[in-house]
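Trainee: Before we talk, could you put the sequence and the model up together? I would like to go through the sheets, the core and the ring contacts with you.

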Amino acid sequence: MTEKFQYKVFKSKPSFVVVRCIHTSCSWRVRAKKLVESEYWMVTKYEKNHTCPTDFKPVRRRQATSWVVGECVKRKLINPGRVYRPRDVMDDMKRKFGVDISYSVAWRGRECAYDNLRLGTPEQSYKLLPGYLHMLMDTNPGSVVNLEVSNGNRFQYLFIAFAASIHGFSYCRPVISIDATHLKGKYRGVLFTAVCHDANQQIFPLAFGVGDSENDASWSWFLHRVKSVFGSNPALVIVSDRHRSINNAVQETYNLQDFHVLFYTLSSAVPGVKEYLEAVGLHRWTRSHAPSRRYNIMTTNISESLNAVLVKVRELPITALVNEIRLLCQKWFHERRTKFWHETYRGVINPIPHISSWITPQQISEFELQPPDVRTVAGRRRKRRLPSMGEELPTPKCSRCKERGHNRATCQNPIALHPTDEAGCSGSNLPTHQPIHPSDQHSTPQL
């Protein structure tokens, strides 16, 4: 592409291929044959000099396909947080190779690069997920992974808790902040998170989950796994954003059966006491309904902070999403494993080997996980976060008129020509008119 030459496939068979320059009088060509019992090819003939006219070099070349463009720019997309627009792809291809490509080719090339870096397309990512989870548990013994599928082997729920997080929770405050944030991939869904504070007021990740939406069934499924892994400590406090499904799931998972049995016995023995105690407020006289000790953790800010860290990661397919979460937790545990917090971060989150070296049982390798059965909504996918209940969003401030409620692009307020002049006249830089004396009309200018 750099030399602005084009080629075409002259002959192509399973055993050999011949490629020539598109100009009929050019002698440039390449011939290669496939090696016997091997996947490699060997070049048997190569004419490297082009003899076509120098003016036969069109700016647009058909070899600059979306797949080739993706291979050229994929190294710039390794960081999932980088914003790389199709316009940037067009500029880089023009600057590096001198190739003019259309916006659609740039967009498709970027998507091809994303698919290459994100372990395949969204559909392929779901098929890789069972093998990835098997290798995750194999390289991180003690980790808890639950994958639930529906009819037709379709993905439904996923729960992950690393062994290092399970060990370190016993050295953290028993206050768990839970939240859910929307995924932005092709099949949507939500990401469930359960985090807490360590002794240094840092975010300590506990568990992650993926579901279809924030409903009673998904929250109940996630909290049941959290309870089975981290136990039901009597002093445990769960902080949330007061989502209705969270309240229903907490009451179902962390049930109050003992309290209800005793309270029913008391109300049956003493008529009228039930109405009186409920009017007082159960949280005022029962330990089961008491707010408990929250260690000054009054909000879900740690959950919102984690969602902000994962804002770009939430656009990835399912397997790449789980892998980025593992990399983030692995980095945090490694950086915080000092002599002060050694017990909390004693656990090690090990990396996952390359897919070419995965060793999985036949049952897992033959299992093809299908994407969830969701209806694709027309239009662009929502990327802005939905505010939590009671959250006050900041109002924009216009940099033109300094008023709130709009920005500079939508400002319609009139602006004074001279803001320092309230009357509109004084303070201006316009020259003032002075009266002229009659004797000065014929005076000679001084040199």
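What follows is a set of questions and answers on a predicted model.

Trainee: In the open sheet of four strands, which strands are at the edges?
Mentor: The order in this sheet is β1-β2-β3-β4, and the pairing is antiparallel.

Trainee: Which residue in β2 stands opposite valine 9?
Mentor: β1 and β2, the latter covering residues 16–21, are paired in the antiparallel sense over five bridges. Within β2, the residue that stands opposite valine 9 is valine 19.

Trainee: Over the face of which ring does arginine 20 lie?
Mentor: A charge counts as sitting over a ring when CZ of Arg is within 6 Å of the ring centre and within 35 degrees of the ring normal. Arginine 20 lies 3.8 Å from the ring centre, over the face of phenylalanine 10.

Trainee: Turning to the open sheet of six strands, which strands stand at its edges, and why is one side of each left without a neighbour?
Mentor: This sheet has mixed pairing and the order β5-β6-β9-β8-β7-β10. One side of each edge strand is left without a neighbour in the sheet because each has a single partner strand, and these edge strands are β5 and β10 (237–239).

Trainee: In what sense do β7 and β10 pair, parallel or antiparallel?
Mentor: Valine 175 stands opposite valine 237 in β10. The pairing of β7 with β10 extends over three bridges, and its sense is parallel.

Trainee: Which glycine in the turn between β5 and β6 has a positive phi?
Mentor: Strand β5 (residues 144–150) runs antiparallel to β6, and seven bridges join them. Serine 150 has arginine 154, in β6, as its bridge partner. The two strands form a hairpin with three residues between them, and the residue in the turn with a positive phi, of about 80°, is glycine 152.

Trainee: How many of the eight residues of β6 are buried?
Mentor: On its other pairing, β6 is joined to β9 by three bridges in an antiparallel arrangement, with isoleucine 160 standing opposite phenylalanine 208 in β9. β6 is largely enclosed by the rest of the structure, because the number of its eight residues that are buried is six.

Trainee: Which element gives the most residues to the largest nonpolar core?
Mentor: That core has 61 residues, and those with the most contacts inside it are Leu158 and Phe222. Several elements each supply at least two residues of this core, including β6 (154–161), β8 (190–197), α6 (216–230) and α12 (318–335). With nine residues, the element that gives the most is α12.

Trainee: At what angle to β6 does α6 run?
Mentor: Among the residues touched by phenylalanine 222, setting aside those up to four places away in sequence, are Phe159, Phe192 and Phe208. Helix α6 lies across β5, β6, β7, β8 and β9, and the angle at which α6 runs to β6 is about 30°.

Trainee: Why is the pair of phenylalanine 192 and tryptophan 219 edge-to-face?
Mentor: Phenylalanine 192 belongs to strand β8 and tryptophan 219 to helix α6, so that 27 residues separate them in the chain. Planes over 60 degrees apart count as edge-to-face; the ring centres of phenylalanine 192 and tryptophan 219 are 4.8 Å apart and their planes are at 70°, so the pair is edge-to-face.

Methods. Residues are numbered from 1 along each chain as its sequence is written. This is a predicted model: local features need pLDDT of at least 70, side-chain atom pairs count only at pLDDT 80 or more; totals for chains, interfaces and linings use all residues. Side-chain values use heavy atoms; hydrogens and water are left out. Two strands pair if DSSP finds at least two bridges between them. A nonpolar core is a set of buried Ala, Val, Leu, Ile, Met, Phe, Trp, Tyr and Cys residues joined through side-chain atoms within 4.5 Å. Buried means under 20% relative accessible area, exposed over 50%, partly exposed in between (1.4 Å probe, protein chains only). Contact means heavy atoms within 4.5 Å. Rings of Phe, Tyr and Trp (its six-membered ring) pair if their centres lie within 6.5 Å; planes under 30 degrees apart count as stacked, over 60 as edge-to-face and the rest as tilted. Axes are lines fitted to C-alpha atoms, for helices over the stretch in contact, and angles run from 0 to 180 degrees between N-to-C directions.
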